[in-house]
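I opened my notebook today to look up disulfides. Here is what I wanted to know: where are they, and how does each one sit in the chain?

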Amino acid sequence: MAAMENKVICALVLVSMLALGTLAEAQTETCTVAPRERQNCGFPGVTPSQCANKGCCFDDTVRGVPWCFYPNTIDVPPEEECEF
């Protein structure tokens with residue numbers, strides 16, 4: 001009976017992880033980049049929409065650093081698999 005309960009629990013955990021994993025897949029990048037770590041993605045005079053069309057982030061609140069910059073990649077840990 002305990003083996004069956006473990007399989008049910010494992011299956012529920014797996015389904016939950018898959019559901020949450022699809023939410024996490026939607027965001028694999030973030031525009032939260034320290035100003036000094038920004039890598040330029042634009043050109044002088046780039047507009048926010050031009051920057052977004054290139055798949056980059058735009059933040060013109062900090063002077064002296066790129067305003068259009070590449071996003072940081074979010075490291076998503078690999079999913080653990082249940083053993084049946």
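My entries on the disulfides follow.

I noted at the start that this is a predicted model, where local features need pLDDT of at least 70, side-chain atom pairs count only at pLDDT 80 or more, and totals for chains, interfaces and linings use all residues. Residues are numbered from 1 along each chain as its sequence is written, and side-chain values use heavy atoms, leaving out hydrogens and water.

A reminder to myself: a disulfide is a covalent bond between the sulfur atoms of two cysteines. I searched the whole structure and found three disulfides (pairs of cysteine sulfur atoms within 2.5 Å).

Entry one. I found Cys 31 joined to Cys 57, S to S 2.0 Å. The pair links distant parts of the chain, 26 residues apart: Cys 31 is in the loop between strand 1 (29-30) and helix 2 (48-53), and Cys 57 is in strand 2 (residues 57-58). Helices (H or I, at least four residues) and strands (E, at least two) are DSSP runs, numbered from the N terminus. The S-S torsion is about -80°, so this disulfide is left-handed.

Buried or exposed? Cys 57, at 3% relative accessibility, counts as buried, while Cys 31, at 46%, counts as partly exposed. (Buried means under 20% relative accessible area, exposed over 50%, partly exposed in between, with a 1.4 Å probe and protein chains only.)

Entry two. I looked up Cys 51 and Cys 68, whose sulfur atoms are 2.2 Å apart.
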